[in-house]
Amino acid sequence: MQASIHTFAEDGSGSALLDDGQVVSWPGEVFAHSALRHVRVGQRVSVELEGISVTRLWIVGIGEGEVIR
(Lines give C-alpha, C1' and ligand atoms only; values in the text may rest on other atoms or scores of the structure.)
Protein backbone atom coordinates (compact mmCIF):
# COMPACT_ATOMS: atom_id res chain seq x y z
CA MET A 1 0.00 0.00 0.00
CA GLN A 2 1.25 3.51 -0.78
CA ALA A 3 1.22 6.48 1.60
CA SER A 4 2.71 9.95 2.01
CA ILE A 5 4.80 10.90 5.03
CA HIS A 6 2.80 13.20 7.33
CA THR A 7 5.13 13.52 10.36
CA PHE A 8 8.59 12.25 11.26
CA ALA A 9 10.27 12.56 14.67
CA GLU A 10 13.94 12.32 15.63
CA ASP A 11 13.28 8.99 17.41
CA GLY A 12 12.11 7.47 14.10
CA SER A 13 8.42 7.42 14.94
CA GLY A 14 6.01 9.07 12.58
CA SER A 15 2.80 9.01 10.64
CA ALA A 16 1.67 8.83 7.05
CA LEU A 17 -1.47 9.61 5.08
CA LEU A 18 -2.99 6.84 3.01
CA ASP A 19 -4.46 7.77 -0.35
CA ASP A 20 -7.95 7.71 1.23
CA GLY A 21 -6.88 10.35 3.80
CA GLN A 22 -6.56 7.97 6.75
CA VAL A 23 -3.65 8.69 9.10
CA VAL A 24 -1.53 5.69 10.13
CA SER A 25 1.46 5.72 12.48
CA TRP A 26 4.54 3.73 13.44
CA PRO A 27 6.90 3.55 16.42
CA GLY A 28 10.61 4.19 16.09
CA GLU A 29 11.33 0.45 15.98
CA VAL A 30 9.54 0.07 12.65
CA PHE A 31 11.65 2.84 11.13
CA ALA A 32 14.84 1.35 12.62
CA HIS A 33 14.14 -1.89 10.71
CA SER A 34 13.32 -0.11 7.45
CA ALA A 35 16.91 0.36 6.12
CA LEU A 36 16.01 4.04 5.62
CA ARG A 37 18.04 6.85 7.17
CA HIS A 38 15.51 9.66 6.91
CA VAL A 39 12.16 10.50 5.34
CA ARG A 40 10.64 13.89 4.63
CA VAL A 41 7.07 15.17 4.81
CA GLY A 42 5.25 14.44 1.56
CA GLN A 43 7.58 11.63 0.50
CA ARG A 44 5.85 8.55 -0.94
CA VAL A 45 6.49 5.27 0.83
CA SER A 46 5.12 1.75 0.87
CA VAL A 47 3.58 0.47 4.10
CA GLU A 48 2.16 -2.73 5.55
CA LEU A 49 -0.55 -2.25 8.14
CA GLU A 50 -2.07 -3.98 11.12
CA GLY A 51 -5.20 -1.94 11.77
CA ILE A 52 -3.98 1.66 11.68
CA SER A 53 -0.46 0.79 12.82
CA VAL A 54 2.36 0.52 10.31
CA THR A 55 4.28 -2.75 10.71
CA ARG A 56 6.64 -2.26 7.77
CA LEU A 57 7.83 0.90 6.02
CA TRP A 58 9.96 1.01 2.87
CA ILE A 59 10.70 2.69 -0.42
CA VAL A 60 10.74 0.37 -3.41
CA GLY A 61 14.35 -0.28 -4.38
CA ILE A 62 15.84 0.56 -0.97
CA GLY A 63 16.65 -2.24 1.46
CA GLU A 64 17.20 -5.95 1.38
CA GLY A 65 15.33 -7.68 -1.42
CA GLU A 66 14.00 -4.42 -2.91
CA VAL A 67 14.84 -4.20 -6.60
CA ILE A 68 13.82 -1.31 -8.85
CA ARG A 69 12.36 -2.72 -12.06
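Predicted model: local features only at pLDDT ≥ 70, side-chain atom pairs only at ≥ 80, totals over all residues.
Local features are reported at pLDDT of at least 70 and side-chain atom pairs at pLDDT 80 or more, while totals for chains, interfaces and linings use all residues. Numbering starts from 1 along each chain as its sequence is written, and side-chain values use heavy atoms, without hydrogens and water.

Select strand 2 (14-18). Strands (E, at least two residues) and helices (H or I, at least four) are DSSP runs numbered from the N terminus. Four of the five residues of strand 2 are buried, that is, under 20% relative accessible area with a 1.4 Å probe, protein chains only.

Strand 1 and strand 2 pair in the antiparallel sense over five bridges; pairing requires at least two DSSP bridges between two strands. Phe 8 has Gly 14 as its bridge partner. Five residues lie between these strands in their hairpin, where Gly 12 takes a positive phi near 90°.

The hairpin has four residues between the strands, and Gly 21 in the turn has a positive phi of about 95°.

Now display Trp 26, Val 45, Val 47, Val 54 and Leu 57, which have the most contacts inside the largest nonpolar core, a set of 15 residues. Such a core comprises buried Ala, Val, Leu, Ile, Met, Phe, Trp, Tyr and Cys residues joined through side-chain atoms within 4.5 Å.

Technical notes:
Buried < 20%, exposed > 50% of the residue type's maximum accessible area, 1.4 Å probe, protein only.
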